[in-house]
Amino acid sequence: MSATEPRGDYFVQSLERGLAVIRAFDADSPELTLSEVARLTGLTRAAARRFLLTLHDLGYVRTDGRLFSLTPRVLELGYAYLSSVGLPEVAAPHLEQLAAEVRESSSVSVLDGGDVVYIARVPTSRIMTVAINVGTRFPAYATSMGRVLLAGLPEEELDAYLERLVPDRLTARTVASASGLRAEVARVRAQGWAIVDQELEEGLRSVAAPIRDRDGRVVAAANLSAHASRTSVADIRRELLPPLLAATARIEADLEIATRGRGAARRA
């Protein structure tokens, strides 16, 4: 939910603010002062202090008296989602097999608002200027996995996303208009996969395919990424796309088995 969308009577603003405090910390700002947290979250210093001290008492934040930082306990919040879905565990061996077969990095992500969030990854070599780990986020419009996930949205949800979209031109190749992105998503829907050529970062090419649940809904996307200096778009279509599609088919098959197993266990 964005800040501009209406909130229902149920909405707990203090929970929203507490989560905003946690999200203020990232790889670029692992340690923050009270004033910095207040500035990043839009809270008053007094409110930011109360949230930080509460999180400290709960074990999610540590402090030396001036600087605050998150503790590993924050991982529990994300792990609850990952363990309930089971997808990372199901996908992991297939990503490892895929990465070993083609010798390129492979990942799985899900859509969260306007971003893709990495939930599983097998790197082979670093080809981006930023490190990618589980939990890394990128704008969906500029990534192959994002295009696949957007293509899997119902039409009304895609329309809402495109209406809100204010894209940045991350490189000279980035599709940075709603109309252009709509055309790209239509292409992905028709062909069943996406290739993005240096739109997120210069020198990075990637190909992605959807992962569907037993009802045919797109629940995640898997990709392979390669450096443009050694892999052309034609190479990606010929050498990377077929093994990627085979891997997503195997993930879907195992995901269905895992889902049936959890359902049987609940009924037992």
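Analyst: Happy to. A word on terms before we start: a residue is called buried when its relative accessible area is under 20%. Also keep in mind that this is a predicted model.

User: Thanks! So is strand S8 mostly covered or mostly open?

Analyst: Mostly covered: S8 spans residues 204-212, and eight of its nine residues are buried.

User: Which strands does S8 pair with?

Analyst: S8 pairs with S7 (residues 194-197) in the antiparallel sense, over four bridges. S8 also pairs with S9 (residues 218-227), again antiparallel, over nine bridges.

User: What about the turns? Which residues there have a positive phi?

Analyst: In the S7 and S8 hairpin, with six residues between the strands, Gln198 has a positive phi near 60°. In the S8 and S9 hairpin, with five residues between the strands, Gly216 has one near 85°.

User: Switching topic: how many residues are in the largest nonpolar core?

Analyst: It has 29, and Val207, Ile211, Leu224 and Leu244 are among those with the most contacts inside it. Elements giving two or more residues to this core include S8, S9 and helix H9 (233-267).

User: What does Leu244 touch, beyond its sequence neighbours?

Analyst: Leaving aside neighbours within four places in sequence, its contacts include Leu98, Val207, Ala208 and Leu224.

User: And what does the second core include?

Analyst: That separate core has 27 residues, including Leu150, Val188, Leu204 and Val218.

Conventions. Residues numbered from 1 in each chain as written. Predicted model: local features only at pLDDT ≥ 70, side-chain atom pairs only at ≥ 80, totals over all residues. Heavy atoms only, no water. Buried < 20%, exposed > 50% of the residue type's maximum accessible area, 1.4 Å probe, protein only. Pairing = 2+ DSSP bridges. Core = buried A, V, L, I, M, F, W, Y, C linked by side-chain atoms within 4.5 Å. Contact = heavy atoms within 4.5 Å.
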